[in-house]
Amino acid sequence: MAHAHPDLTKNQALVFGKLSDASGPLTAYTLLDDLREKGFRAPLQVYRALDKLVDYGLVHRLESLNAFVACRHKGCADHKTAAFAICETCGNVQEFSPDRAIEDLLKWTKEQEFRLSRTTIELRGLCKSCSASQQA
């Protein structure tokens with residue numbers, strides 16, 4: 001199990017642990033089912049924990065999948081932008097930092113006087129492995 005943020009509540013730590021151990025994104029309802037034996041009874045318990053974990057920068061919400069992943073990008077909590085490449089065949093999710101794209105987005109927000117709270121960039125397509133197997 002991954003090391004949790006020291007100030008996490010019991011529920012936050014349990015949700016973060018499940019996401020850290022998962023091989024891919026999990027929905028709130030999957031988390032609820034997986035954590036019933038730990039005392040979770042309602043979706044609201046999961047969503048409250050997820051909201052705080054997202055605020056802490058420990059977890060990201062993948063909007064297009066309506067699912068969550070533990071942050072795997074060192075230093076991610078220091079910025080408000082996360083980028084993901086999501087394979088539509090195998091479901092693999094890679095987190096990365098597109099520095100130039102982020103610079104362009106921040107420049108645009110400054111020029112437009114747009115107060116940015118959070119950015120999630122999602123690329124959908126085929127990972128290297130799935131792309132190679134389709135060409136074979």
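Is glutamate 88 buried, partly exposed or exposed, and what is the relative accessible area of glutamate 88? Glutamate 88 is exposed, with a relative accessible area of 52%; here buried means under 20% relative accessible area, exposed means over 50%, and partly exposed lies in between, with a 1.4 Å probe and protein chains only.

1. Basis of the model. This is a predicted model, in which local features need pLDDT of at least 70 and side-chain atom pairs count only at pLDDT 80 or more, while totals for chains, interfaces and linings use all residues. Residues are numbered from 1 along each chain as its sequence is written, and side-chain values use heavy atoms, with hydrogens and water left out.

2. Overall make-up. The protein chain has 5 helices and 5 strands, and from the N terminus on these elements run α-α-α-β-β-β-β-α-β-α; helices (H or I, at least four residues) and strands (E, at least two) are DSSP runs, numbered from the N terminus. Of the 136 residues of the protein chain, 32% count as buried. The protein chain exposes about 8900 Å², of which carbon and sulfur atoms supply 49%, the accessible areas coming from the Shrake-Rupley method with a 1.4 Å probe, where for residues only the protein chains shown count as cover. Among contacts (heavy atoms within 4.5 Å) between residues at least 6 apart in sequence, 51% join residues at least 24 apart.

3. The sheet. An open sheet is formed by 3 strands in the order β4-β3-β5, with mixed pairing; two strands are taken to pair if DSSP finds at least two bridges between them. Because β4 and β5 stand at the edges, each with a single partner strand, one side of each is left without a neighbour in the sheet. On average, neighbouring strands of this sheet are turned by 20 degrees against each other, direction ignored; the axes are lines fitted to C-alpha atoms, for helices over the stretch in contact, and angles run from 0 to 180 degrees between N-to-C directions. The pairing of β3 and β4 is antiparallel, over 4 bridges, and alanine 85 stands opposite glutamine 94 in β4.

4. Salt bridge of glutamate 88. The partner of glutamate 88 is arginine 124, with the closest N and O atoms 3.6 Å apart; a salt bridge is a side-chain nitrogen of Lys or Arg within 4 Å of a carboxyl oxygen of Asp or Glu. Arginine 124 lies in strand β5 and glutamate 88 in the loop between β3 (81–87) and β4 (93–96), so the pair ties together parts that are 36 residues apart in sequence. Arginine 124 is partly exposed, at a relative accessible area of 40%.

5. Other salt bridges. By this rule the count comes to 4 salt bridges. One of them joins the side chains of aspartate 33 and arginine 36 (3.5 Å, N to O), where aspartate 33 is exposed at 51% relative accessible area and arginine 36 is partly exposed at 36%. Another joins glutamate 111 and lysine 107 (4.0 Å, N to O); these two residues are 4 residues apart in helix α4, and are therefore separated by about one helical turn. Both glutamate 111 and lysine 107 are exposed.

6. Nonpolar surface. Leu106, Trp108, Phe114 and Leu116 form a nonpolar patch on the surface, together having about 400 Å² of accessible area. Patches are made of residues with over 30% relative accessible area and no salt bridge, like charges being joined within 9 Å and nonpolar side chains (Val, Leu, Ile, Met, Phe, Trp, Tyr) within 5 Å. Leucine 116 sits in the loop between α4 (99–111) and β5 (119–125) and is partly exposed, with a relative accessible area of 33%.
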